[in-house]
Amino acid sequence: MLELERVSVTFNAETANEVRALRDISLSVPDGQFITVIGSNGAGKSTLFNVISGAVEVDRGHIHLDGQDITYQPEHRRSHDIGRVFQDPRLGTCPGLTIRENLSLAAIHGRQAGLRRDVKQAQEAWFIEQLEQQHLGLEQRLDADVALLSGGQRQAITLVMATLIKPKLLLLDEHTAALDPNAAEQVIALTQAQAQAHDLTVIMITHSMQQACLLGDRVIMMNDGQIVFDFSGEERKNLTPADLIARFHSLDSGAELADRQLLG
Ligand SMILES: Nc1ncnc2c1ncn2[C@@H]1O[C@H](COP(=O)(O)OP(=O)(O)O)[C@@H](O)[C@H]1O
Ligand SMILES: [Mg+2]
């Protein structure tokens, strides 16, 4: 269970460039829940991820993960429990290293540091099994430099590596936004499959209303550093992209994004 209690973040406080990126955000995420987050540019979505992962410190408020207060825990400590996939496929894997070498790094980074040989082999077998299920042929290319792979293939590997550490929480920040539509669709299918198979707790930021309605069991809309809509249960089940666009239009800053969605 992730809990944010009245979290606020202000950048460049008391200067002309002051930005209140998060305003008094409270949010409870039960284990196994899959939330999609939407909101216009600058709404505070990535900042929300940055305070959860420890890349940005809160001004006020508290963050608990599984009952433990992690508000001031350093980012590298939290990264053992919190997996993250970014928009840029280059950020998730190390070029110049093979898929297998990247896997080793991910495993070392995980909670089972100082792995015994048999554990390592078991992890590699698990990883290969996950890759096989994707039907991308990546399991045949374990000794290929990841720099040679496409963006979609790299995101797929990043996603599987992030799952390998058995994260308490997986944060996906527009992880398909830089991909072509085909690759995006594959990575979305993989996201869904991994979340279900491993009962992951996921928060996924997306600019796609379709994705927001397709995946997960809760939709959160952010605007101007606040959570303005939070749909779950029956309300979430009946939610359509058109409903979300209408909600955007009801916000001052939403019209532009809604138009982009309608055009796209
Ligand atoms: N490190 C930073 N320094 C100063 N301003 C920032 C920083 N990170 C984000 N911001 C600002 O905070 C606001 C929210 O940004 P962000 O969380 O990235 O929005 P989103 O991901 O929803 O597009 C924006 O106005 C952005 O310019
Ligand atoms: Mg962002």
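## Getting started

Helices (H or I, at least four residues) and strands (E, at least two) are DSSP runs, numbered from the N terminus. This is a predicted model, in which local features need pLDDT of at least 70 and side-chain atom pairs count only at pLDDT 80 or more, while totals for chains, interfaces and linings use all residues. Residues are numbered from 1 along each chain as its sequence is written, and chains are lettered from A and ligands numbered from 1 in the order in which they are written.

## The overall fold

The protein chain has ten helices and ten strands. Its radius of gyration (taken over C-alpha atoms) is 19 Å, close to the 18 Å from the globule rule (2.2 Å times the number of residues to the power 0.38) for 264 residues, so the chain is as compact as a globular protein of that length. Along the principal axes, its C-alpha atoms fill a box of roughly 55 × 40 × 40 Å.

## Around ligand 1

Which residues surround ligand 1? Among them are Phe11, Asn12, Gly44, Lys45 and Ser46, where near means a C-beta atom, placed from the backbone, within 6 Å. Strand 2 (19-29) and helix 1 (45-53) each give two or more residues to this shell, and helix 1 gives the most, with three.

## Two loop residues

Glutamate 14 sits in the loop between strand 1 (2-11) and strand 2. Its phi is near 60°, a positive value in a residue other than glycine.

Aspartate 224 lies in the loop between strand 9 (218-223) and strand 10 (226-232). Here too phi is positive in a residue other than glycine, near 50°.
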